[in-house]
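Please prepare a short briefing on how the strands of this protein pair with one another.

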Amino acid sequence: MYLPPHDPHVDDPMRFKPLFRIHLMERKCATVECMYGHKGPHNGHIQIVKKDEFSTKCNQTDHHRMSGGRQEEFRTWLREEWGRTLEDIFHEHMQELILMKFIYTSQYDNCLTYRRIYLPPSSPDDLIQPGLFKGTYGSHGLEIVMLSFHGKKAKGTKITGDPNIPAGQQTVEIDLAHPLQLPDIENLRDFSELSRIVLEVQEQVRREEQEQQQEEEEHSQQAASPPASPLGGEGAEGEETAAGAEGTTQDKAAASQPFVLPMGVISRNEDYPRACRICFYGTGLIAGHGFTSPERTPGVFVLFDDDRFGFIWLELKSFSLYSRIKVPFQNAQAPSREAFDEMLKNIQSLAT
């Protein structure tokens, strides 16, 4: 199990913890040992479910329990997962969220199902190298997000989740067609000024989507007759794409600009970069406990460098900082773009 560093230190390396091991014996036999818990290896079982999927089961779950009962288990889990004690956490809401996470995860410590995850394919036009990132999520602590590029959109998909937004959901979506021009450093401190800029772009995006929908409806109505100038249309679109690609290249090479969080925006990590390359309009997914009433809300994607980016959640007045995971995962590349897209759909449908 790969675990993020302790909150809020996103730049620290990942931690790992063995969950099971297999002893290969003679005559094609093998023994399986569960490594979960604090009493040493014990008897387990592995079953191949289907291609790219298998399950593990512990046959001696008493090895997972501690002599001090659930309270001792919770305190031990808290030290390992969060690097702190219950007495260190003063915020009542944070205590509630942490307890919910412990109850939820400890329900499934005896039987786990594993499904293959592909790393996102890359393209020379990508803003940065896609991949896995550690991100701060307020009282939920650090979570793992996969950043992938899809034409004029970039998506951040949760690989680990929390009681509000489960793994598999698209936590942020970045609109690469709508870069944001931030105000100067003094005006950037004013949250209302940043909010005004973002909401203006949100309204622009809404109008463009309506116009595109109307055009698609008109095209479908005229499908029986050939378009007046199909080549011209394709050429125009090609020019726009080329211009967009050129703009992206220029953005990559653009000089950095000073950056500071507006007053009132909460950040778990105050040690965020004070300069950024470029910002884009985006949306972030928020929901109540149990993924109730999910909605996409406006925000700002902030690219700091090749390995770090941030997202300002406008409605929550909070900031998430993301740092690249540099673990060299083997044999994790997707065989094709289609296979990767299919995997994204599958993990989202599992979460839903």
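**Strand pairing in a predicted model**

Phe-149 stands opposite Ala-154 in E10, where strands (E, at least two residues) are DSSP runs, numbered from the N terminus as helices (H or I, at least four) are. This is a predicted model, in which local features need pLDDT of at least 70 and side-chain atom pairs count only at pLDDT 80 or more, while totals for chains, interfaces and linings use all residues. Residues are numbered from 1 along each chain as its sequence is written, and side-chain values use heavy atoms, with hydrogens and water left out.

- E9 and strand E10 (residues 153–158) are paired in the antiparallel sense over six bridges, a pair being two strands between which DSSP finds at least two bridges.
- Two residues lie between the strands in the hairpin of E9 and E10, and Gly-151 there takes a positive phi near 65°.
- Six bridges also link strand E8 (residues 131–136) to E9 in the antiparallel sense, and Leu-132 has Met-146 in E9 as its bridge partner.
- The hairpin of E8 and E9 has five residues between the strands, with Gly-138 in the turn at a positive phi of about 55°.
- Strand E9 (residues 142–150) is mostly covered, since eight of its nine residues are buried (under 20% relative accessible area, with exposed over 50% and partly exposed in between, for a 1.4 Å probe and protein chains only).

**The five-stranded open sheet**
- An open sheet with antiparallel pairing has the strand order E3-E4-E5-E6-E7, and its edge strands, E3 (20–24) and E7 (111–115), each pair on one side only.
- E3 and strand E4 (residues 30–34) run antiparallel and are joined by five bridges, with Glu-33 in E4 as the bridge partner of Arg-21.
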